[in-house]
Amino acid sequence: MGVSSVNEAGSTWGAAFRNKPIFFMSRKEMDACFDANGVLRKSRLKNVELREDTCTLSSNNTYRRPNTTYEIYDKDKGSAFLDLNFLIKDETSSLKGSLSDKKDVDFYNFTIPFPNFQRNYFGVEVYIDMPEGCDYDLTLYDEYGNQVGKAEWDGEGRKKLSVPNWDMDTKKYCLKVENGNGEEVSPNDFYRISFHITDNKEHEKTDAVREAYGNLYSAYSRKDENWRDYLDRYNEVLRETEQNYRKELEELHKKQFAGLPEGKKYQGGRTVDELLQDMAEGKELSEAEREYVKIFANLKDAEKAQQKAELKNDFSDDFVKDLEGMGISREDIEGMQVRIGSNGTVTVDGIEEETVREQVQKLVEKKYSDKMYQYYIGTADSVGNLPENAYQYATDVQEVKRYLKGVTGQDVSLQNLYMLPDGKIGGLPKKADNLINNTKDNVKVDQMRDALRNIIGNIGVSGDVGIPDFTSQFQFQHGAFSVVDSGFAVDMGALDGRLTPQSSGNMYSDMYKYGFKIVL
């Protein structure tokens, strides 16, 4: 770990000189900012440009993407890979991305990178600079899927939102970028996302939490026999904070709704769940209904409904159009089933004519396999309801098995992989060994290495429970695709129990947990 100081230009690397929090470098940040000889690369400390990640199966079109890194490209110094939290540590830098078309949506997850006691005094703002003539929506969601901020024009040609300071327990957030006005966009029109640290002018709202935690930690550390009395007080403060969080959330949504133009204020009597059900069934919502859903719907529920609608309508229509170009009609594939294994192997059943079945299978393999995988993980409850660690493990398995199959032309047993003393990965076939262990400055390989290390570590922890493998399965009925949830062959509850350490008999084991369900 390392610490760097704040420079004269106001970059936020380093110690808190009255108005900046202390930041510690992660391992990846150390690797990015220091060369092999330990010499600081000054050019990597400010004005860094992170690149939008589009090289994984899920790319950045899905909201649930833990541990994602973004590329810093330098033709002379080589690439490095950092997560979005880096931009909070260095507000001179930004992420550069683009929307591929007017319907494209990009998601970026980040975690507030400083301790709770510092969060009591500092706030975080998020900015988006857009291409000329574009009007993109930037929306913020907390780790529970609640919509907690919509960027507004700041008078300087860009949009800004503030991360809420309602508590000190919520640290994970998700940004959503989408085309706001429905106009055509170009993938060559780039937006930039950056962060800025501010004073928390409402720190009194969380003063009680900070003080109660400090008293508890102090009592527990000195082995005070009455430390549980301090725990009870801390839990009481947490319950009060949760109630205030819900109140702040409700007031924010009411304010956002009141600020809509009259024509966009939904006046109907249907609930958010009912509107989402309509959306999932492919029904077109009115503009007012869409605005209502954007404000009040949970991120997980809204994205699931959107994914179901896209699969049923746009995706199915595009798929059929490609088939019609080959002389195959919608009726010819009615009742078929498509399965995509974790290694990427595509199987098509339910089509009697062998020639047609082979053509459909080749079309899925060549053009639609990755997109169908995205729809599966976005709508299948068996995957979507997994806790964070199990979800990361299961999706890492999919990414790695497909990647290794593509590199080696064969299925690679993940159980036979292991870590070598020098940090390299053992047990890989020859074709993959050199690529994985020796390739530098390649974002895809870098992410596969991280995923492999995560898998090897999880196999060691999960033991005989097994690897969380699944098959993405679909059916084509009534002229459209839908997901068939195939579940897992292993006990995912038992697996999560192994992956998530349980505290017992200490100050953390009986701490109050919010009633919100975590979705990130």
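**Exercise 1. Work out whether Asp278 is buried or exposed in this predicted model.**

Step 1: Look up the value for Asp278. The relative accessible area comes out at 12%.

Step 2: Hold that against the cut-off. Buried means under 20%, so Asp278 is buried.

Step 3: Now check the partner. Asp278 makes a salt bridge with Arg270, and their closest N and O atoms sit 2.1 Å apart. Arg270 has 35% relative accessibility, so we call Arg270 partly exposed.

Step 4: Widen the view. Arg270 and Asp278 belong to a network of salt bridges that also links Glu274, Glu281 and Lys283.

**Exercise 2. Find out which parts of the chain are tied together by the salt bridge between Asp464 and Arg498.**

Step 1: Start with the pair itself. The side chains of Asp464 and Arg498 meet in a salt bridge, at 3.3 Å from N to O.

Step 2: Place each end. Asp464 is in the loop between helix 13 (443-462) and strand 17 (472-477), while Arg498 is in helix 14 (residues 492-499), so this pair ties together parts 34 residues apart in sequence.

Step 3: Check how open each end is. Asp464, at 70% relative accessibility, is exposed. Arg498, at 37%, counts as partly exposed.

**Exercise 3. Say where Lys254 and Glu250 lie, and how many residues apart they are.**

Step 1: Find the element. Both Lys254 and Glu250 are in helix 5 (residues 227-258).

Step 2: Count along it. They are 4 residues apart, which is about one turn of the helix.

Step 3: Bring in a general rule. An α-helix has 3.6 residues a turn, so residues three or four places apart point the same way.

Step 4: See what the side chains do. Lys254 and Glu250 meet in a salt bridge, 3.3 Å from N to O. Glu250 is partly exposed, with 44% relative accessibility.

Step 5: A search of the whole structure turns up 37 salt bridges.

**Exercise 4. Decide which residues of helix 12 are buried, and what covers them.**

Step 1: Pick out the buried ones. In helix 12 (residues 430-438), these are Ala432, Ile436 and Asn437.

Step 2: Look down the helix axis. The buried residues of helix 12 fall within an arc of 105°, so they line one face of the helix.

Step 3: Name the cover. The buried residues of helix 12 are covered by parts including helix 11 (388-408), strand 16 (425-426) and helix 13.

How values were computed. Residues numbered from 1 in each chain as written. Predicted model: local features only at pLDDT ≥ 70, side-chain atom pairs only at ≥ 80, totals over all residues. Heavy atoms only, no water. Salt bridge = Lys/Arg side-chain N within 4 Å of Asp/Glu carboxyl O. Helix = DSSP H or I, 4+ residues; strand = E, 2+ residues; numbered from the N terminus. Buried < 20%, exposed > 50% of the residue type's maximum accessible area, 1.4 Å probe, protein only. Arc of directions from axis to C-beta. Contact = heavy atoms within 4.5 Å.
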